[in-house]
Amino acid sequence: MCKCQKVNLYEVEYKMDGMTVVPTHKNCGFALDGKQADKFQKELVKSWGFEEEED
Ligand SMILES: [Zn+2]
């Protein structure tokens, strides 16, 4: 797991692991933990100009 204090959105790479997409930190090569991954998924969606739907 990535233990970096600060991870920039642009340092995150999405790798395929079987049927799962795993957000990986390029700088250290480790997968982000669930909390970080969730945060970056939201930022990524925002960067695409979509608002996340709440349900
Ligand atoms: Zn890292």
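Buried residues are those under 20% relative accessible area, exposed residues those over 50%, and partly exposed residues those in between, computed with a 1.4 Å probe on protein chains only. The model is predicted, so that local features need pLDDT of at least 70 and side-chain atom pairs count only at pLDDT 80 or more, while totals for chains, interfaces and linings use all residues. Residues are numbered from 1 along each chain as its sequence is written, and side-chain values use heavy atoms, with hydrogens and water left out.

**Helix α1**

Select residues 34-47, which form helix α1; helices (H or I, at least four residues) and strands (E, at least two) are DSSP runs numbered from the N terminus. This helix has 14 residues and spans 20 Å from first to last C-alpha, close to the 20 Å expected at 1.5 Å a residue (the expected span is 1.5 Å times one less than the number of residues). Next, colour Q36, A37, F40 and L44, the buried residues of α1. Seen down the helix axis, they fall within an arc of 95°, so they line one face of α1; the arc is that of the directions from the helix axis to the C-beta atoms. Turn to the other side of α1, where G34, K35 and K46 are exposed. The cover over the buried residues of α1 includes β1 and β2.

**The nonpolar core**

Now select C2, V7, L9, V12, L32, A37, F40 and L44, the eight residues of the largest nonpolar core. Such a core is a set of buried Ala, Val, Leu, Ile, Met, Phe, Trp, Tyr and Cys residues joined through side-chain atoms within 4.5 Å. Centre on F40: apart from neighbours within four places in sequence, F40 is in contact (heavy atoms within 4.5 Å) with V7, N8, L9, V12, Y14 and L32.

Move to Q36, buried with a relative accessible area of 15%. Beyond its neighbours within four places in sequence, Q36 contacts C2, C4 and V7.

Continue to the zinc ion, whose protein donors are C2 (SG), C4 (SG), H25 (ND1) and C28 (SG), at 1.9 to 2.4 Å. Donors are N, O and S atoms within 2.8 Å of the metal (3.2 Å for Na, K and Ca); water is not among the atoms, so sites may look incomplete. The site is tetrahedral, with angles of 104 to 117° among its four donor atoms; four donors count as tetrahedral if all angles lie between 85 and 135 degrees. Finally, compare C4, partly exposed at 27% relative accessible area, with H25, buried at 1%.

Definitions and conventions: Four donors count as tetrahedral if all angles lie between 85 and 135 degrees; four count as square planar and six as octahedral if opposite donors are over 155 degrees apart and all others between 65 and 115; anything else is irregular.
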